[in-house]
Amino acid sequence: MMKKNLGSIGRATDRVANFIGRSRYERLVTSLADGVGSLSKATNRGSGEALSAMVLSKLDSSALSRFSEGKELIYVSATNGKTTTTAMITAVLGGPQLVVTNEAGNNMTAGITLALSRAADRSLGVIEVDESHLPIVASKAPANSIVLMNLSRDQLDRVSEVRSIADKWRVMLEANRGVRVFANVSDPHIAYVVQGHGDVVPFEVGSKWTMDATVCPLCESKVDFNEGIGDYHCVSCTFGKPKSDYVFMGDELYHAGKLLAIVRTSLPGQFNLMNAAVATIVGYEREIPLKDIDSALTSLSGVGGRYSTFQILGRTLTAFMAKNPAGWQQIIAMLAESTQPLIVGINANVADGRDTSWLYDIDFGPFGDREVIVVGERRYDIAVRLSYGGVAHRIATTYTEAITAFDEGTSISYIGNYTEFSNMMRFLRDAGELIK
Amino acid sequence: MKIVLLFPDLLGTYGDSGNGEILFRRALARGFEATYQRVFYGDPIPRDGNLFVIGGGEDGPMQLARDALHKDGFLGDLASTDHQILAVCAGLQILGERFVTSAAPSSPGLGLIPVVTERIAANKRIVGEVAVEADLSLDLPILTGYENHGGESRLLSGSPLGRVVSGIGNSYATKVDGFLSGRIVATYMHGPLLARNPHLADLIIRRVAPKATNSFTPLEVDREVEGLRSEIISNRALSISRRLGLR
């Protein structure tokens, strides 16, 4: 009974969080939990700890640094891939029994404080950190290592333009001289961030999205890309791609020019192979045997529902989350190889970004050959976008309508952005059955 | 009819290439022999273009685009030609007399429109849904869009695109958006401006082909656009009341 109630509270708070946005929700919970926190302390109730930590993270600015004391921390940040890569590195370094990690999405200060507060028994942490929260988190709880993967346009109404995040990361490293940085220098922003930093493990896993890095971060001239070989350089100053310790091509990971490993993962798509390569590099640098790394990466299942497959209303549905143009482009490239029909969902809540203009940065052309149904609170935005992109589609107002629009037994792919994906997950967990 | 999107690699931060694509698709649907060319930085600007679309971007790319357009000189001859320009956000700013970047408090623009842009006090940004009642001579339904800019623009002369009924527009003080002349439509409503406002897209196409007799009945996509416009209201993303007749 108790469990059931807690479950429904969880769903209700999820709904609130989805509606008002994760960060605002965290602020709201902080003030609401104030009284509960002190009460739980006073009465020594264990169950109040989490709430208390939540409260502390805001009301007591030292909570994060206190909970992080004595722990070795690895932070993972990026516009895309940070949740999955955090899960991969966690698996490679021994799994949640040995490693404290934060749940998907809880990647801002309060969520990280909460995760660390529950980990008195574990000394190693692999923590996903929101791009804009990384400098403040790193100043309160200095990391031993930071993994920086990529920066591209995302929620520009809320998060500032890409360049200013790169500048803030650079300043962060100037104040954290000792931290070891694993840097994907395939992305010019990341190369710029780590320039001049002492302890860098530079690697190249590729970067498909170059539209936010067309201007030199040093002198503001044009940056030229040679996408074939993944090279780039400024046309007027010395800025260009630095040399790397590790290079990943296809599924081959090279170290110092020699083939180190064939990277495999149970998660789909070239972008997840790239994430797995990052986890392999981090694991190898920590002297984890390559065969153990491989077995960790090939036994992962869905991460926070992403990539999971459900049996639903007599159909099979595999769910993908994509939040910004670079993320969508990766998923589209992967799904272009199949002809599975699609459900595409778009919301524009605070956590998604209020502005839907980014839909026009995505080339939906590869979906022109299949059945597409659009859903979500902003289904007409995506419908209009697909119309102009020459992709035929139908509009559904409910998930049931969308799913049953396809014949029974059909395998469907679903792509949704942040809060739309959460809504679909809730529907699938309630009405469907997880099969993998 | 040749539609040219200028520098999508520099000025395309907010889905701006959508405007070029939409003009092209609608022109084709209206039976025009339309072509669409995306001109990247460093490529020559085609002299036979009829309609030029310029989008928004960050400070550095914006200055590069200004320099390239200045050096090319083509758009500067606009007064003596019959081209049309649609300029959005940073595009509006660089067509003006002066604009501002983090590196330069006053940077010369192309001087095609009598607009001066200055940094908003305390580095604030104007961000959110905006709705504009277009200049009455255009006879358009309410325009809606999304604005996100750190500069305030002032018209030294001439007319704005319209009066702001929700949101901010050019500046906090003036309650107007953009600039309008016989050859230029400039606005802060970025990205899906023409996705949300197909009537404006059609008006621009008519301006490029004033002698055309093609009838402009609503297209199939326009039913979805109606859904989009009402969706914005029901989602409360836009703090405009239904009283404005925005459906």
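**View 1. Where chain A meets chain B.** In this predicted model, 28 residues of chain A and 32 residues of chain B make up the contact; two residues are in contact if their C-beta atoms, placed from the backbone, lie within 7 Å. On the side of chain A that touches chain B, helix α13 (residues 379-388) gives the most, with 7 residues. Helices (H or I, at least four residues) and strands (E, at least two) are DSSP runs, numbered from the N terminus. This side of chain A divides into 11 nonpolar, 4 polar and 13 charged residues. Here Ala, Val, Leu, Ile, Met, Phe, Trp, Tyr, Cys and Pro count as nonpolar, Asp, Glu, Lys and Arg as charged, and the others, Gly among them, as polar. The model scores ipTM 0.92 and pTM 0.85.

**View 2. An open sheet in chain A.** Follow the 7 strands in the order β16-β15-β14-β17-β13-β12-β18, with mixed pairing; two strands pair if DSSP finds at least two bridges between them. At the edges stand β16 (394-395) and β18 (433-434) of chain A, each with a single partner strand, so one side of each has no neighbour in the sheet. Strands β14 (residues 342-345) and β15 (residues 372-375) of chain A run parallel, paired over 4 bridges. One pair to look for is A:Leu342 with its bridge partner in β15(A), A:Val372.

**View 3. A buried aspartate in chain B.** B:Asp9 sits in the loop between β1 (2-6) and α1 (17-29) of chain B. Because B:Asp9 has 23 C-beta neighbours inside 10 Å, it counts as buried; the label needs 20 or more other C-beta atoms within 10 Å, while 12 or fewer means exposed and anything in between partly exposed, with C-beta atoms placed from the backbone. Leaving aside neighbours within four places in sequence, B:Asp9 is in contact with A:Met211, A:Thr214, B:Phe40 and B:Tyr41.

**View 4. A loop arginine in chain A.** A:Arg122 lies in the loop between α6 (109-117) and β3 (124-128) of chain A. With 17 other C-beta atoms within 10 Å, A:Arg122 is partly exposed. Not counting residues up to four places away in sequence, A:Arg122 touches A:Leu98, A:Val99 and A:Val100.

**Notes for all views.** Residues are numbered from 1 along each chain as its sequence is written, and chains are lettered from A and ligands numbered from 1 in the order in which they are written.

Note on methods
Predicted model: local features only at pLDDT ≥ 70, side-chain atom pairs only at ≥ 80, totals over all residues.
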